[in-house]
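Please look through the structure below before reading on.

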Protein chains: 2
Amino acid sequence: MKPKDEQKHQRLLTAAITILAAGGLANFSTTKVAKLAGIPQSNVYIYFENKQALLAAVYQTTVHQQSVAVTGGIATDASVADQLAASVQGLYQFALTHGDVATVIRLLTGDQQFKTTLAAKLADPENQQIQALLQRGITQEILRPVAVDLLRYFLTDPVYRYADMVRAEQINATPEGLRQLTAMVLGAVLRPTSYQDWLTRSAPLN
Amino acid sequence: MKPKDEQKHQRLLTAAITILAAGGLANFSTTKVAKLAGIPQSNVYIYFENKQALLAAVYQTTVHQQSVAVTGGIATDASVADQLAASVQGLYQFALTHGDVATVIRLLTGDQQFKTTLAAKLADPENQQIQALLQRGITQEILRPVAVDLLRYFLTDPVYRYADMVRAEQINATPEGLRQLTAMVLGAVLRPTSYQDWLTRSAPLN
């Protein structure tokens, strides 16, 4: 079904993100979304078949935004490790300015029940670029031999948590802090030898 | 106020953990807790002054359980790195068998608003033992020079996520998988030199 009004479609998605970020999945309903978007409840179904379809669209659009932010700062001819370091920094800037989107992504990817209902892989090119980078890292034995989902988790969740702490003024935002975070994430995902290589090429960390 | 009946006190806490794990903070109410515990709503306040006090008690009891699980497997005369490796493994076993408790801890520690309302530091000896271990690691320049909260996050959240993935049968539980997870966590929190030392002393990771 083709949405009749792109602007209303977008308004529903934005409202859904706000409702999810504030109240979580348990509290989520199309009634609340319609109310916040200022669109009659009965019209929601013109755009989204049901609640599950709306959630799937939210997932798709938020992961797309995240993927664009991450890939935007990446030089595709750089080494896998340098691309991953750049992805941490792109994601951090994104998380600082898009708190709600970051919350929703963590919420949806952390919910096993929701994840298993998502049949299709995300098809947008930016997300596929990240997927390809990780596959290359695994094949070339740069990344640790663990599940891709675990690598993706380590490359994103700590960055979101760090941005949360900065926003809550629990820690100060400094270039050194971001450098340490990047080193922590790479220390987790890279094989020891690749991590040492990356360290040697980067400015020394104390 | 001294609880009148230790068994009812415990039943309310257990019900609160179940309700929180299923529906999150947004959906949490003393009404639901009373109903699940089979205790009249009006009697809840004999045990907990208000919802906030009940949540604080849930936080205290869940963190205590986690701390006991973590410190139980630790040889206090071992090196900081080996103690942290043992803590990852203790926490993993705990997370596998106490899914609800793990969910609640992640939920409460991830909620900045809730954390800032928690005035007092947790006073139980096992939690203080972990705190002291981290302080020692920082002072001795074994752990990275970052906020203790960030170190605690890296030492716990990935382990919980990994246990979630195992429970959801997204990944298989193997000794090698747990070894890789431990190496990822230590690669994140230890300074590069300490990590290399630990690697050299441990069985080689490919």
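By about how many helical turns are Arg167(B) and Asp164(B) separated in helix 9 of chain B? The two residues are separated by about one helical turn, because they stand three residues apart in that helix, helices being DSSP runs of H or I with at least four residues, numbered from the N terminus. Before going further, note that this is a predicted model, in which local features need pLDDT of at least 70 and side-chain atom pairs count only at pLDDT 80 or more, whereas totals for chains, interfaces and linings use all residues. Residues are numbered from 1 along each chain as its sequence is written, chains are lettered from A and ligands numbered from 1 in the order in which they are written, and side-chain values use heavy atoms, with hydrogens and water left out.

The side chains of Arg167(B) and Asp164(B) form a salt bridge with an N to O distance of 2.7 Å, the term standing for a side-chain nitrogen of Lys or Arg within 4 Å of a carboxyl oxygen of Asp or Glu. Asp164(B) is buried at a relative accessible area of 14%, while Arg167(B), at 37%, is partly exposed; here buried means under 20% relative accessible area, exposed over 50%, and partly exposed in between, with a 1.4 Å probe and protein chains only. A further salt bridge in chain B joins Arg179(B) to Glu176(B) at 3.0 Å, N to O, and these residues both belong to helix 10 of chain B, three residues apart, or about one turn of the helix. Arg179(B) is partly exposed at 30%, and Glu176(B) is likewise partly exposed at 34%.

In chain A, salt bridges with shared partners link Arg106(A), Asp157(A), Asp164(A) and Arg167(A) into one network. Within it, the side chains of Arg106(A) and Asp164(A) meet at 2.8 Å, N to O. Arg106(A) sits in helix 6 of chain A and Asp164(A) in helix 9, so this pair ties together parts 58 residues apart in sequence. Over all chains, the structure holds ten salt bridges.

How many salt bridges does the rule find across the interface of chain A and chain B? The rule finds zero there, although eight residue pairs, both members at pLDDT 80 or more, are in polar contact between the two chains. Such a contact is a pair of N or O atoms within 3.5 Å; within protein, one must be able to donate a hydrogen and the other to accept it, and residues adjacent in sequence count only if both atoms are side-chain atoms. On the side of chain A that touches chain B, helix 9 of chain A gives the largest share, eleven residues. In all, 40 residues of chain A are in contact with 40 residues of chain B, contact meaning heavy atoms within 4.5 Å.

Leaving aside residues up to four places away in sequence, Leu84(A) touches residues including Leu133(A), Leu155(A), Val189(A) and Leu190(A).

Finally, Glu169(A), in the loop between helix 9 and helix 10 of chain A, has a positive phi of about 60 degrees although it is not a glycine. Glu169(A) counts as exposed, at 72% relative accessibility.
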